[in-house]
Amino acid sequence: MDLNSIAYVESVNSNLICCICQTPFVEPVVIDSCGHTFCKDCITRSLSTRSTCPVDRSHISNVNELKPAAKIIVNMVNELLVYCPNKNDGCLYQGQRQLLNFHLQEECLFTKLECRNEECREMILKKDLSKHMESCIARMVKCESCKEIVSLSTLEGHKITCPVNNIECPYCHTTRIQPEHTLHLEECPDKYVTCRHAEFGCVWKGRQHDLSVHIGSCSYEPLKEFFKMYKQRNYALEQENQQLKTKFQDLRNTVDFLEGQVSAISDWLSTFIDPKGLVSNAEGEPSISTIHELLLSDNDRMKNEIENLSASLTDLELRQNVAIMTEGMRMQEEIHSIKNICHGLRMQMHYLLMERSGGEPSVGTAGPKSSVIRPGLIGPMGLGRTVPPNTNDSSSASNPRPPRLMGSESPRKEKL
Amino acid sequence: MSALFTKRLSKELVDLKINPPSGIEVTEADTFKSWKLTLDGVDGTLYAGERFTLEFRFSPNYPMESPEVVFIGDIPIHPHIYSNGHICLNVLYNQWSPVLSVRSVCLSIQSMLSSCTCKEPPPDNSHYVKTAKASPKQTQWAFHDDSV
């Protein structure tokens, strides 16, 4: 560290400035005889050209006359505040001059260090060095193909020469890198090829660079245009054929489907026709009309049968009704006669009771007793309704009736 | 060595520009090889109103070695200044000291001009001009006049 070129924070007392270099003393020494102080370097250099004190020209016999300056002078210059020499790069440090070396070695991030990559050796600020090492163009990287460690700048060149990437051409036995290899395989003059007209029958085979010579003499060459046309037409026909094939396949599918449907229908129909009929109509379609006719006649037959059945049903119903009615009337007559009998019995009983009590008036009521019986005998010929007028004839008889019989007859009266 | 040389010269240049001595001005200091300065004659002396140009040529040993200092252009007529511009002044030769500077040399020359009482060339001027080398430092000077 050259302390002569550092910048001081404050202006320095002129007594601390060396007259030779005109900067604050660095390692101040004093000339013993005259007492003038200089930097050790400055006065040593001056004395090498002239053995006098630069200030007062007093003679200096030997270098031993130089003595270290007083401790106070040394301390004063050592404690002068200075800026970091890397101030222009951005370091804001200022401190005592004697601490500057420590700052530069340990603390200052703006010290320039050499990039450790051999091919780079660029001077980089300490703070940027790690970042630089990551992106340094000379940093060491691994070739992905051969795993060799090479510097980044030579990587491109290495890729071309990298043994892993080089592939030998099987025809001309030259080597090149992968991307060029595929291209070369097509173009290699030593590649074995067949004649361009091989598909039309030329049997020539040889190296690619001989092809042009062969083409000149190839008998198929003049027919080139014809072949071309022929090939085109062939292609068109193939296309058309293909289309037809597809169409045919479609139609076939449709037919299969229809056939399936027909067989399903005929299976279903066969359940309605006896196997013999189906056998007799085994020709197919004609059987359908026969089946139809059969179905129609069957239908008619059924209709007739149903009509007959309904007619006999009505007949039966009528008869049933008549039978029920006759039965009902008979029952009614019977009930009537029973009723009359009951009435007669009651009258007799009434008479007997009256007789027992000894009353004459009850004789007159005997007449009505017989008259009541009579209409009861005639009654079955007419309707039941003829009964109430008969009962009305015997005004005396109606009264003695038990109230419960009257109750059963009262609805009829209301209807009249 | 060269660090001291450039460091010292740049310091001197800054000092001359910020705080120039009266009548002295730096006109050309593009390199650390040679500078040109103008020197005005001090009022009230024989050279009042005149302006001269000084050329300083520095060696890399400066300030241990003296610079070559000569007048160029109009040369002042002075008993110690030859018409080729060489100056007979001891501090420029054997009496040089590293503590001296451009400023102090200029002031010495200015004072030498100012103390002149009679504008006349050196007595051996024509002989010296014929025989002198380009650099005044190669001349064997004999300093005899202590009055200036």
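Predicted model: local features only at pLDDT ≥ 70, side-chain atom pairs only at ≥ 80, totals over all residues.
A residue is called buried here if 20 or more other C-beta atoms lie within 10 Å of its own, exposed if 12 or fewer, and partly exposed in between, with C-beta atoms placed from the backbone. Of the 416 residues of chain A, 10% count as buried. Residues are numbered from 1 along each chain as its sequence is written, and chains are lettered from A and ligands numbered from 1 in the order in which they are written.

**View 1. Welcome to chain B.** Chain B has three helices and four strands, where helices (H or I, at least four residues) and strands (E, at least two) are DSSP runs numbered from the N terminus. Along the sequence they follow the pattern α-β-β-β-β-α-α. Of its 148 residues, 30% count as buried. Chain B averages a pLDDT of 89, and 97% of the residues score at least 70.

View 2. Chain A has 14 helices and 13 strands. Helix 8 of chain A, residues 224-270, has 47 residues and reaches 68 Å from its first C-alpha to its last. That is close to the 69 Å expected at 1.5 Å a residue, the expected span being 1.5 Å times one less than the number of residues. Why does helix 8 of chain A lie largely in the open? The number of buried residues among its 47 is zero, so it does.

**View 3. Where the chains meet.** The contact takes 13 residues from chain A and 11 residues from chain B; two residues are in contact if their C-beta atoms, placed from the backbone, lie within 7 Å. The predictor gives the complex an ipTM of 0.81 and a pTM of 0.49.

View 4. The largest nonpolar core has 44 residues, a nonpolar core being a set of buried Ala, Val, Leu, Ile, Met, Phe, Trp, Tyr and Cys residues joined through C-beta atoms within 7 Å. C18(A), I20(A), F38(A), C39(A), L54(B) and I87(B) touch the most other members. Helix 2 of chain B gives the largest share of this core, five residues. Not counting residues up to four places away in sequence, C18(A) touches T23(A), F25(A), F38(A), C39(A) and C42(A).

Definitions and conventions:
pLDDT = per-residue confidence, 0-100.
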